[in-house]
Amino acid sequence: MANVIIGIHGLGNKPPKDLLQKWWAQAMEEGMRMHKFMPRLPKFEMVYWADLMYDKPLDINETDPESPWFLEEPYVKSPENFKTENHETRKKIVDFLRKEMKKIFLNNDLSLNYSFLTDSIVTRYFQDIQKYYSEESYDIHGEKTRVRDVIRHRLYKVLEKHRDDNIMLIAHSMGSIIAFDVLSFLKPVMSIDSFITIGSPLGLPVIISKIAAEQGHGAGERPKMLTPPGVMSRWYNYSDILDKVAFNYKLSDEFSENSHGVDSIDFLVVNDYEINGERNPHKSYGYLRTYEFSRALNEFAISGRLSLWERFRRRIFR
């Protein structure tokens, strides 16, 4: 049994798969070095789905900023002299607003109130999510099918290929929705060691309502949704308080533990991605080199060098 990292990317068009996978690996290795861990990654494989949404990938050689293929945010190293700020006031406001949002937009059965409003927001700002949840069939590589079925199957195939390995699944942004859905609905018997979500929108009311509907919640007291059944050891959720996609950063408020006693452990982190003086606290590369993520990655990497007995003891006495 080998340790394997599987990553699935998030919203928006991306550079080609090989380049994106290379940049994710570089960001993880950079974080390991920055935080004094051994930068030796297990085998890493990227699940890529941007080609199902966009005609062609972003081009690192495109120089026209007006081109739809212009790559505005490539991987860059952590900025020197990055200044962290105190966001306690923002955190208090966010905590108040996320609780009020649930009261306003979610009914007791987790169905959605004011769906016309949330649908318009999703359509305008999150077109990938809108297309993912659409019941419309699209022509994808010559076949008429729902987009989400093809995307889910891509992750399913990679998980199935590594079914005998020890898996850390890292899901960024909308990738966390896809990963949650596959682990909950398409492959609930699949066992993975670690589920890692970064910049996740899983706590947004519109997403909660979609998951709850697929989990079959009915009328009655407001339920919590369940952590995917095959997550065996940990679910770590990392969010930057400035990340608008991960507005409801506290997923432990939304998801109950599974039969293995695993529920979301939430970390507020500082995503330091910055280019040309502009921060993007949602960018995957910044999340992948935070101390908190690097610590979890190091723990997973070390576990691959332990004996079966040592791994068993760590799982029992964690």
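**Overall picture**

Of the 318 residues in this chain, 51% count as buried, meaning under 20% relative accessible area with a 1.4 Å probe and protein chains only; exposed is over 50%, and partly exposed lies in between. This is a predicted model, so local features need pLDDT of at least 70 and side-chain atom pairs pLDDT 80 or more, while totals for chains, interfaces and linings use all residues. Numbering starts from 1 along each chain as its sequence is written, and side-chain values use heavy atoms, with hydrogens and water left out.

The chain has 10 helices and 12 strands. These are DSSP runs, numbered from the N terminus: helices are H or I with at least four residues, strands E with at least two.

**The sheet**

Six strands form an open sheet with parallel pairing. The order is β2-β1-β5-β6-β8-β10. Pairing takes at least two DSSP bridges between two strands. Twist averages 20° from one strand to the next; axes are lines fitted to C-alpha atoms, for helices over the stretch in contact, and angles run from 0 to 180 degrees between N-to-C directions.

Now inside the sheet. β1, residues 3-8, runs parallel to β5, residues 166-172, with 6 bridges joining them. Ile8 has Ala171 in β5 as its bridge partner. Helix α1 packs on the sheet and touches β1, β2 and β5, contact being heavy atoms within 4.5 Å. Helix α6 also packs on the sheet, touching β1, β5, β6 and β8. The direction of α6 makes about 135° with that of β5.

**His282**

His282 sits in the loop between β12 and α8. At 15% relative accessibility, His282 is buried. Its side chain makes a polar contact with the side chain of Ser173, at 2.9 Å. That term means N or O atoms within 3.5 Å; within protein, one must be able to donate a hydrogen and the other to accept it, and residues adjacent in sequence count only if both atoms are side-chain atoms. His282 also touches several other residues, including Asp243 and Asn271.

**Ring pairs**

There are 14 aromatic pairs: Phe, Tyr and Trp (six-membered ring) with centres within 6.5 Å, stacked under 30 degrees, edge-to-face over 60, tilted for the rest. Phe37 and Tyr291 are stacked, 6.1 Å centre to centre with 25° between the planes.

Technical notes:
Lists of a residue's contacts leave out its neighbours within four places in sequence.
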